Amino acid sequence: MASLSNSGWRDVCDKFKNAQTLSCEESLKDPVNDPYRSKYKARELIREIHCTLKSLEAGEGEEESGGDGREQRASEAFVDGQRDELFTDGLCGESPPGMLTAKLAAVEFYLGVNHAETEELSAGHEHLMNCVMLLERCRVSSENVSLSIHVRNELGIMWTRRDEAEKALQFLETAEFIYQRYMKEDGSPPMDKIEYFTTEEKLLTDQERTEKFEFIYTYTKYYLAQVYKIVGETERAATYCHNTLQRLLPLKQFNRMEWALNAATLSQYYISKGQFMEGRHCLSAASVILGLAEVPSEAAAQESEAASEQREKNRMQSAHISRCWIKYCLNLLEDAKKLLEDNTGELDTDRQDELKRERTLGEEEEVKSRKSALLFGSEDTFDSIASLEEKVPCLFPLDFSEARAVFLVGQNHVKEAKEYFQMEGHVTDHVEILQDHSALFRTLAFFEEDLEARCKMHKRRIDMMEPVCNELNAQYYLMIRRQLMFELAEIYNEMMDLKMIRANTQADTQSLDKHSIKKINHLCSSAVKYFHMFLDSLRSPDGKFPEKMEEDVLRPALVARFRMARLYSKLICSLPSAQLENLNKALDNYTCITQYCEEHPEAAAAVETELELSKEMVELLPFKINRLKVAMVANN
């Protein structure tokens, strides 16, 4: 059997080490006008190693890999029924595979990665497939299992970048199959790919091999999560993402800030599915792990640009996680509201009592059993994560006290998020946080029985949003201003309704005191003002209203007309002439809705309820207006 002398083998190892240094370290220093200089040098060294190994192969009389259909069979081997071919005669068989073949495969792998990193994807793919074909000569064993997974991971990444997710999935699922089968049938610490070109005294320990192997498989899980998301298998993607994060923690080879942000992002999937226990666990883990990240001191940040950037990045990630906590609290409150509201949007007390009776120890036990499969953490983090979770509810709040506990958590995170996303420099983010804060107050108000207290909560919403709406430049932030104007109009409208209900429980409108009438009319007028502002924002520069509205503003515009019509009819007037004017304005707005839907029948589906009521009012209001006119003539 042909072999290298000790000095010859050390020369190969030195070339490999130099190639790794060039590719991983020196390449970071390459000039902008020659960004791949070091990687090209590394490629030449790897090619020299390849030539040396090929000469050994020729000396052994082994056949060179060629066009014998292996590439086709390698591609087809990813079908589930054919994956067993990778494990001929099992894993614990007679003799190990040829190390020379494995080393040649490793060289092809490194060349493939090198070409991919220098944006030569076709050449990179060819080398990676050569690696697959060479490995196909050997059954999977501890000497090549790590490389077998590595190369399929790389091919999965490559096909993903080419927008060929299904092909990527085949390679990645095969990598997962290889790992699982190997661990089932052998499980011994496998050789890492760097050991093919390492002198005996520098070989890895079993523990190091195990850690590297588990890390490779963790990347397989991570890539699968991304590809499953691309192909629309969101539940599977979330499962793989969660499992990836679980696997990373004990390995301790991860960026804490990135881990925390990924965990917080995963929480949003669980929240969207109503799985608040899982969402809370992800967010608690994200907050704890981010807190363990090394952050330069303020003094160090002032002295070093890199330290300053790192400190700023940590602040940004913390603010992002706070925003995810806000969404958690808001969604928990809103989903509880949907469970508890009646057909008028008010609290259904019978339903509330029923749900309270159903909340038993069994429900909490179910939560605990679901949680057991989802835990993040290691010895140094588990208690901290559990402690944080205990401070945040995950069950639906069923009364004001429980809702307030959720609200306060959300409000604390609003404050933290706003410290980073300030109005100056982060307008869009700042406004979105304000809108979420407003929504927290809106959902909390649903649980409040005292009407006056509810009004005060809505007033808080106005106080935080009105100055921002008036401050924003309409030219640059038109869409944001529209959202704020419509929401402000809705808030004033809600407050007017609450004042009317409260007034009607005390006396009829004819005997209302002047202060109450003034307050109700002010709320009405303010709502009308903002609805008008919203509609005016839809006009062209020459003041014309669009003949056909865009889909994204169609329903809001017609609803604004409907609300304005109702508000005009609610205004309390002592003079019949003022009342007549308001009724005519109400009729005009109802008529606008019906006429628009007649001219654009497709719009009717967007406002079915409002359109039906508008048609009724278009028929009824003229009679009321005529009666008022007759009465005015008679009185004169």
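Which residues have the most contacts inside the largest nonpolar core? In this predicted model, they are W259 and Y328, and the core that holds them has 123 residues. A nonpolar core is here a set of buried Ala, Val, Leu, Ile, Met, Phe, Trp, Tyr and Cys residues joined through side-chain atoms within 4.5 Å. Buried denotes under 20% relative accessible area, exposed over 50%, and partly exposed the range in between (1.4 Å probe, protein chains only). With neighbours within four places in sequence left aside, W259 is in contact (heavy atoms within 4.5 Å) with L245, L248, L249, F254, A285, A286, I289 and F376. Another core, of 48 residues, lies apart from that one and includes A106, V107, A168 and A237. In soluble globular proteins, nonpolar side chains tend to be buried together.

Because the model is predicted, local features need pLDDT of at least 70 and side-chain atom pairs count only at pLDDT 80 or more, while totals for chains, interfaces and linings use all residues. Residues are numbered from 1 along each chain as its sequence is written, and side-chain values use heavy atoms, with hydrogens and water left out.

The protein chain contains 24 helices and zero strands; these are DSSP runs numbered from the N terminus, with helices being H or I of at least four residues and strands E of at least two. Of the 636 residues in the protein chain, 47% are buried. Among contacts in the chain with a separation of 6 or more, 73% are between residues 24 or more positions apart. The accessible surface of the chain comes to about 32,800 Å², and carbon and sulfur atoms account for 48% of it. This area comes from the Shrake-Rupley method with a 1.4 Å probe; for residues, only the protein chains shown count as cover.

Helix α4 covers residues 99-117. Its 19 residues should span 27 Å at 1.5 Å a residue, which agrees with the 27 Å between its end C-alpha atoms; the expected span is 1.5 Å times one less than the number of residues. Because 17 of the 19 residues of α4 are buried, the helix is largely enclosed by the rest of the structure.

Most residues other than glycine have a negative phi. With 62% relative accessibility, E119 counts as exposed.
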